[in-house]
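Work through the exercises below with the sequence and the coordinates at hand; each task is followed by a worked solution.

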Amino acid sequence: MDTSGNPALLRTAYKTLESGDLDACVGMLTENSIANVPGVPDPLHGREIWRLGAQALLDRFIRQA
């Protein structure tokens, strides 16, 4: 599996998230995506779990700015 494009994809996804388009951002993830989050002991699995965390970030930091 070639993962060389992942850093660019991740940057694009976060720029999309910053713009507030959560659906487009989540659409860039695969169903079996894994997120390693600092402070969380176990990896998070799947798009919908990631969506919940990203929504919390949007609500807390980006939309209050």
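Lys and Arg count here as positive and Asp and Glu as negative, with His and the chain ends not counted, and the place of a charge is NZ of Lys, CZ of Arg, CG of Asp or CD of Glu. The model is a predicted one, in which local features need pLDDT of at least 70 and side-chain atom pairs count only at pLDDT 80 or more, while totals for chains, interfaces and linings use all residues. Residues are numbered from 1 along each chain as its sequence is written, and side-chain values use heavy atoms, with hydrogens and water left out.

**Exercise 1.** Determine how far apart the mean positions of the positive and negative charges lie.

Solution. Begin with the counts, which are 6 positive and 8 negative charges. Then compare their mean positions, which are 6 Å apart.

**Exercise 2.** Locate where confidence is lowest and where it is highest.

Solution. Start with the average pLDDT (the predictor's confidence in each residue, from 0 to 100), which is 85, with 94% of the residues scoring at least 70. Then turn to the elements: helix α3 (residues 47–62) is lowest at a mean of 85, and helix α2 (residues 22–27) is highest at 92.

**Exercise 3.** Find what share of the residues is buried.

Solution. Apply the cut-off for buried, under 20% relative accessible area with a 1.4 Å probe and protein chains only; of the 65 residues, 18% are buried.

Note on methods: Buried < 20%, exposed > 50% of the residue type's maximum accessible area, 1.4 Å probe, protein only. Helix = DSSP H or I, 4+ residues; strand = E, 2+ residues; numbered from the N terminus.
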